[in-house]
Amino acid sequence: MRMTLRQLAVFVAVAQEGTVTKASDAVRLTQSAASMALADLEDGLGAPLFDRLGKRLQLNDLGRFLLPQALEILGRCESFEQAAKGELQSIDLRIGATLTISDYLMPDLMANFLQAQPQAHLQLQVGNTRQMIEAVNQFQLDLALIEGSCHLPQLQSIHWRDDELAVCCSPNHPIAQLNRPVTIEDFIDAEWVLREEGSGTREVFDNAILKDLPNANIRLTLGHNEAILKIVAGGLGLSCISKLAIEPLLEKQQLVEISTPFWQLTRPLFMLVHRQKYKGPGLKAFMKFCDE
């Protein structure tokens with residue numbers, strides 16, 4: 001069998017980008033050269049690696065099976081080349097983060113890592129937990145930091161840190177005006193403004209609160225914490241959201257936190273990586289930095 005690293009690089013790029021046009025930009029080849037490299041690889045293997053859906057290429061079963069091995073080969077070759085030159089391996093990582101983490105934890109984390117590793121280059125992709133799981137599963141991200149749980153056996157969830165959620169509302173909300181400890185019954189007729197399904201924040205609400213309030217009036221769902229907090233601070237309903245997001249508005253007295261000791265609202269945050277992905281020195285360095 002005769003194959004080149006360039007052919008493998010084109011195969012990986014097409015798998016990640018979905019089209020030869022975008023892949024050619026990623027590997028710095030012309031579109032015709034990238035197409036030829038992919039065709040030569042498939043001819044050498046004697047089987048196609050993609051299903052053609054118009055201009056879009058989607059990995060078939062063989063392609064999905066070979067992609068982790070191609071990624072590992074390319075990663076090890078990069079390490080080999082850097083070691084041969086006697087240089088530190090450059091760090092070029094595609095990191096994913098869910099919304100709460102990206103807004104309140106990632107800026108400091110990335111800035112501190114780049115100070116410690118000046119040669120590093122980081123790309124950040126943001127989405128909800130479901131989207132991050134899919135991106136890591138498709139090898140579109142090297143690592144994701146997520147709020148929710150992942151049950152795919154091919155992905156490894158590593159506990160990173162804990163986050164605490166809280167129920168909050170406007171200071172003028174009727175529940176905030178109660179001059180006594182609140183009970184679950186106080187929330188029966190309450191309206192809620194929440195994150196969308198598929199987010200880690202919503203998963204906590206569903207698991208901790210919805211079991212006691214199966215008929216909860218979920219008035220509005222939104223895909224961003226800031227929008228939710230502005231609406232709740234304006235007087236519409238309650239929310240259940242990370243304390244990291246609430247704290248600035250608590251300090252300004254635009255929101256109040258409702259004490260709910262009967263609900264467990266602490267959740268773990270995870271680092272998510274694919275078990276079959278080659279963990280080069282750069283990825284290991286970032287994971288160690290997160291732990292520390």
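**View 1. The second largest pocket of the predicted model has a volume of about 230 Å³.** A pocket is an open set of points on a 1 Å grid over the protein atoms alone, with protein on both sides within 12 Å along at least five of seven lines; lining residues have an atom within 4 Å of a point. Grid points are joined across faces, edges and corners, and the volume is the space filled by probe spheres set on the points. Lining this pocket are 13 residues, of which Ala-15, Arg-56, Gln-58, Gln-138 and Gln-140 are the closest to its centre. Helix α1 and strand β2 (56-59) each supply at least two lining residues; helices (H or I, at least four residues) and strands (E, at least two) are DSSP runs, numbered from the N terminus. The model is predicted: local features need pLDDT of at least 70 and side-chain atom pairs pLDDT 80 or more, while totals for chains, interfaces and linings use all residues. Residues are numbered from 1 along each chain as its sequence is written, and side-chain values use heavy atoms, with hydrogens and water left out.

**View 2. The largest pocket has a volume of about 1,300 Å³.** Val-12, Gln-16, Leu-74, Glu-78 and Asp-92 are the closest to its centre among the 36 residues that line it. At least two lining residues come from each of α1 (5-17), α2 (20-27), α4 (61-84), β3 (92-98) and α11 (281-291).

**View 3. Phe-11 and Phe-50 form an edge-to-face aromatic pair.** The ring centres are 5.8 Å apart, with 70° between the planes. Rings of Phe, Tyr and Trp (its six-membered ring) pair if their centres lie within 6.5 Å; planes under 30 degrees apart count as stacked, over 60 as edge-to-face and the rest as tilted. Phe-11 lies in helix α1 and Phe-50 in strand β1 (residues 50-53), so the pair ties together parts 39 residues apart in sequence.

**View 4. Phe-113 and Phe-286 form an edge-to-face aromatic pair.** This pair has 5.0 Å centre to centre and 80° between the planes. Phe-113 belongs to helix α6 (residues 106-116) and Phe-286 to helix α11, so the contact ties together parts 173 residues apart in sequence. Both Phe-113 and Phe-286 are buried.

**View 5. Ring pairs link Phe-187, Trp-192, Phe-205, Phe-262 and Trp-263 into a cluster.** The whole structure holds 8 aromatic pairs.

How values were computed:
1 Å grid on protein atoms, 1.4 Å probe; cavity = no way out; pocket = protein on both sides within 12 Å on 5 of 7 lines; lining within 4 Å. Buried < 20%, exposed > 50% of the residue type's maximum accessible area, 1.4 Å probe, protein only.
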